[in-house]
Amino acid sequence: MIQLAALAALFALAALFGGVANALAQAAFVATFALAGLGLVLIVGQSGQLSLGHGATMALGAYAQGVLVAAGIHGALALPVAALAGTLAGIVASIPGRRLGGLFFAMSTLALALVVEEGLLRLVPLTGGAAGLVVPPLAVVDWRLHSPAAQAAVSLGLLGGAVWMARRLRDSRLGRAWRAGRDDESAAAAVGIDLGHVRMLAFACGGALGGLAGGLYAHWLGFLSPEQFGLPLSFELLMLVFIGGVRSLSGALWGAVVIVSLPQAIAAIRQAVPWLEFGAAGLELTIFGLIVVALVMWRPAGLWQAAR
Amino acid sequence: MLAQVLVGGLAAGCVYGLVALSFVLIYKATRSVSFMQGELLMLGAFSAVVLVEALGWPLWAAAPAAVGLLFGLGLALERAVLRRAIGQTHLTPVLMTFGLGLMIRGAVTGVPQATHRMHRLQLPWEQPIALGPVQLAPEHLLVILATVAACGALALFFRHSRAGLALRACSEDAGVAAILGVSPSAMHALAWGMGAALAAFAGVLLAPVTFVEPGMGVVALKAFPAAVIGGLASLPGAVLGGLFVGLSEALAGRYLPDGVKDLTAYALMLGVLLLFPRGLGEAGRPR
């Protein structure tokens, strides 16, 4: 309840300063990133494995959506396909880790991220390559979602559904198996949990949410190009779940709020302090890096949780 | 012609191998995956450029000085930041090094002199050397020879020096090493320092070959495939993996359609992870 009230207050503040339409558009982005972040929370927080390629599941979802809609398929029908694309990517990326676990999940998801980015750049007939791909607005039956209000409503609605499902998963037998494997591998294996299998399911669920978020993201952006989905996006998503606290489902939402507002906050700082003009691009990278390092050092359990 | 392509591939492979070596060295000793090796490489190259162009140092003095500077930076970063990653999950050092890398890249990008002009280290001898029909570029030869020398020196260090043996013992089992009088925290610092120095060494070697600019660290992304192909836990494997990636890329660039070259390393990495997840070295051995 307090969290909802805080979110509503933040939204009111954003609407007051940037206008209602802008605030609604930002809310759509926040909800979309939270959706992808929720997927990563299942992988990193619940099953305890590291994914360095969550951005790739978003990329595949976004491009699946973009290509299908461009081919004349209804946007609402294409969204499940986008989620499926993310699921498949998650499963493929988890295969090497199945036998070896640990760092191999990180390496194979990293390989996936790099292959997907290069592949999207090279598959020019389908993706448009570096020139990009234009995505028309999302349509539900005959209703085209042009307005920020409708976009925010759809993404918040899907996020709500995803949170509900993630909660059910967390409290299910599978969720308990994830946490058991995370906390003690040998003990989990000893009580008969097939670690490789349940971790693959974590990557599949996480990938599905990543793909779904990618599908929405494609519409909200209206234009896709491969460099938006490179390794930096995967790290941004990791940072997102880290800010909110990897162990909590609601953390993804708070992390998304920070991640979406951070570039704008940095731009505002630059405007307020003009003598910092020493190198616009450099300053942004430095501040972003500084925030990541400071967070990891002093808030290892998330921005709002005191370090244990 | 083919021989020339192979020499180019070998030189690129040496750079990948050196960065992969730094990555595996850090991983073995600290259980941390470092995502800032590319930025350390870039910073090493820039240090050499600054020493040569701004301070007028000769090349033979600037190169070791740049490597030494980065060794110091590695030690300092370990003391200030990376030490806190001990005992945390994989995620902590990944995010730490990623953030430090962003800061390094941002700081260098912010210096106008670094981006406004292209920099390149000039070798005293730029004429290609003819070896029969093959024209060998001196900068490629230098990369290959320096890599061989560095690998030899590292082999001696790890086999015969006290610090090298202690570092290896610590990588095997920190607890037992501590009982035998090795300080794990000193070894933790040494591993990060050496990792930074090796990346800087690769950067200095790359400086006569490509332009020195803030984005040059992307070559380090090819070091991950090299390390995976070498099995992630083997130092010689990392170098051989780098050579394998470099040569495959050169051949793919020559015989396969445009654009396949950039995918080669990552496709190899995915393939090796799926088929021989413990590295190509284990592929031939019975289980």
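Predicted model: local features only at pLDDT ≥ 70, side-chain atom pairs only at ≥ 80, totals over all residues.
**Entry 1: helix H8 of chain A**

I began with helix H8 (residues 173-183) of chain A, whose buried residues are Ala177(A), Trp178(A), Ala180(A), Gly181(A) and Arg182(A). For me, buried means 20 or more other C-beta atoms within 10 Å of the residue's own, exposed means 12 or fewer, and partly exposed lies in between, with C-beta atoms placed from the backbone. Helices here are DSSP runs of H or I with at least four residues, strands are E runs of at least two, and both are numbered from the N terminus. The cover over the buried residues of H8(A) includes helix H2 (20-46), helix H9 (185-190) and helix H10 (195-221) of chain A.

Residues are numbered from 1 along each chain as its sequence is written, while chains are lettered from A and ligands numbered from 1 in the order in which they are written.

**Entry 2: chain A as a whole**

I listed 13 helices and four strands in chain A. Its C-alpha trace spans about 60 × 50 × 40 Å along the principal axes. The radius of gyration of chain A is 19 Å, which agrees with the value near 19 Å for a compact globule of 308 residues; the radius is taken over C-alpha atoms, and the rule is 2.2 Å times the number of residues to the power 0.38. Of the 308 residues, 51% count as buried. Among contacts in chain A between residues at least 6 apart in sequence, 75% join residues at least 24 apart; a contact needs C-beta atoms, placed from the backbone, within 7 Å.

**Entry 3: Leu133(A)**

I found Leu133(A) in strand S1 (residues 133-134) of chain A. Leu133(A) counts as buried because it has 20 C-beta neighbours inside 10 Å. Leaving out residues up to four places away in sequence, Leu133(A) touches Gly66(A), Thr127(A), Gly128(A) and Leu224(A). The C-alpha atoms of Leu133(A) and Leu224(A) are 5.0 Å apart, although 91 residues separate the two along the chain.

**Entry 4: H7 against H10 in chain A**

I then checked helix H7 (residues 148-171) of chain A, which packs on H10(A) at about 175 degrees with the axes 11 Å apart. Axes are lines fitted to C-alpha atoms, for helices over the stretch in contact, and angles run from 0 to 180 degrees between N-to-C directions. H7(A) and H10(A) are therefore roughly antiparallel, given that angles over 145 degrees count that way. Gln151(A), Ser155(A), Leu158(A), Ala162(A) and Leu169(A) of H7(A) meet Cys205(A), Leu209(A), Leu212(A), Leu216(A) and Trp220(A) of H10(A).

**Entry 5: where the chains meet**

How many residues of chain A are in contact with chain B? I noted 37 of them, in contact with 36 residues of chain B. Helices H4 (75-100), H5 (103-122), H11 (231-244) and H13 (280-298) of chain A each give two or more residues to this side. One cross-chain pair is H5(A) with helix H12 (residues 260-275) of chain B, at an angle of about 145 degrees and with axes 9 Å apart.

**Entry 6: H12 within chain B**

Val245(B), Ser248(B), Glu249(B), Ala252(B) and Gly253(B) in H11(B) meet Val260(B), Lys261(B), Thr264(B), Ala265(B) and Leu268(B) in H12(B).

Conventions. Contact = placed C-beta atoms within 7 Å. Parallel < 35°, antiparallel > 145°, perpendicular 65-115°, else oblique.
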